[in-house]
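Work through the exercises below with the sequence and the model at hand. Each task is followed by a solution in steps.

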Amino acid sequence: MASKSTTQEPFSGQTTEGRRPRADAQRNLATLLRAAKEVFAEAGIDAPVRDIASRAGVGIGTVYRHFPERADLIAAVFWQEIEVCADAAELLAAAHPPFLALTLWMREFIDLASTKRGLAKALHSGDPAYDGLPSRREQRLQPAFRKLFAAAVASGDIRARIEADDFLDAAATLCMSVNGQRSGQAHQLVTLLIEGLRVAGERSQTVA
């Protein structure tokens with residue numbers, strides 16, 4: 001891929017002039033990033049750009065126009081996954097009791113960790129395109145989780161035996177340690193971690 005990316009914030013698709021693209025252009029960008037995530041998961045981060053364009057139903061020139069560098073595309077995929085995961089916290093909190101909302105959000109977080117594991121080779125390459133990702137994680141994911149965690153403590157479902165940030169870091173480490181050979185292993189292990197915080201005598205809420 002060529003020189004400098006035209007996007008300032010990969011997750012938003014905002015242009016260098018600060019203008020957001022039209023709604024249809026944003027949808028196309030979201031489709032492109034979803035296709036890239038799928039292709040990277042199936043064929044690795046070095047998959048041909050034409051495969052990503054084909055999966056998204058766009059021309060290869062569209063991919064290069066948004067993401068002249070492959071690193072820009074990889075960063076945008078992970079950036080968007082961070083946003084999706086963070087936004088899910090508020091939606092789940094509004095729709096479910098605190099402990100169930102916390103458990104369901106951890107599933108979103110595990111999926112994010114799985115994406116990171118698939119992109120790890122690139123994300124740890126030292127490319128400056130990825131420099132903003134750690135701070136974005138702190139800005140978006142940690143506050144989202146803290147609210148869910150605090151609500152579950154306030155409801156009496158869990159005891160605050162550790163800080164919310166420490167728990168999230170432990171869950172992330174656990175997810176990254178799973179080799180992925182057994183489907184659902186990360187979900188099972190993190191569920192056990194969450195259950196360890198539950199108030200004694202409480203019955204576990206089953207998540208379908």
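**Exercise 1.** State how many residues separate Phe145 and Phe149 in helix α6, and classify their ring pair.

Step 1. Phe145 and Phe149 are 4 residues apart in helix α6 (residues 133-154), so about one helical turn separates them. Helices here are DSSP runs of H or I with at least four residues, strands are runs of E with at least two, and both are numbered from the N terminus.

Step 2. The model is predicted: local features need pLDDT of at least 70 and side-chain atom pairs count only at pLDDT 80 or more, whereas totals for chains, interfaces and linings use all residues. Residues are numbered from 1 along each chain as its sequence is written, and side-chain values use heavy atoms, with hydrogens and water left out.

Step 3. Rings of Phe, Tyr and Trp (its six-membered ring) pair if their centres lie within 6.5 Å; planes under 30 degrees apart count as stacked, over 60 as edge-to-face and the rest as tilted. The structure holds 5 aromatic pairs. One of them, Trp105 with Phe109, is stacked, at 5.7 Å centre to centre and 25° between the planes. For Phe145 and Phe149 the ring centres are 5.6 Å apart and the planes stand at 45°, so this pair is tilted.

Step 4. Buried means under 20% relative accessible area, exposed over 50%, and partly exposed in between (1.4 Å probe, protein chains only). Phe145 has 0% relative accessibility and therefore counts as buried. Phe149, at 5%, counts as buried.

**Exercise 2.** Locate Trp105 and Phe109, and name the cluster that ring pairs build around them.

Step 1. Both residues belong to helix α5 (residues 98-123), where Trp105 and Phe109 lie 4 residues apart, about one turn of the helix.

Step 2. Trp105 and Phe109 are both buried.

Step 3. The cluster linked by ring pairs consists of Trp105, Phe109, Phe145, Phe149 and Phe167.

**Exercise 3.** Describe how α5 packs against α7.

Step 1. Two packed helices are described by the angle between their axes and the distance between the axes. The axes are lines fitted to C-alpha atoms, for helices over the stretch in contact, and angles run from 0 to 180 degrees between N-to-C directions.

Step 2. Helix α7 (residues 164-177) packs with α5 at an angle of about 50°, and the axes are 9 Å apart. That makes α5 oblique to α7, since angles under 35 degrees count as roughly parallel, over 145 as roughly antiparallel, 65 to 115 as roughly perpendicular and the rest as oblique.

Step 3. The crossing of α5 and α7 is right-handed; a crossing has this hand if the near helix is turned clockwise from the far one by less than a right angle, and is left-handed if anticlockwise.

Step 4. Contact means heavy atoms within 4.5 Å. On the α5 side the contact residues include Trp105, Phe109 and Ala113, and on the α7 side they include Phe167, Ala171 and Cys175.

**Exercise 4.** Which residues does Leu102 touch, not counting residues up to four places away in sequence?

Step 1. Leu102 is placed in helix α5 and, at 1% relative accessibility, counts as buried.

Step 2. Leu102 touches Phe145, Leu148, Phe149, Ala152 and Ile158.

**Exercise 5.** Is Gly156 buried or partly exposed?

Step 1. Gly156 lies in the loop between α6 and α7.

Step 2. At 34% relative accessibility, Gly156 counts as partly exposed.

Step 3. The C-alpha atoms of Gly156 and Pro98 are separated by 9.4 Å, and the two residues are 58 apart along the chain.
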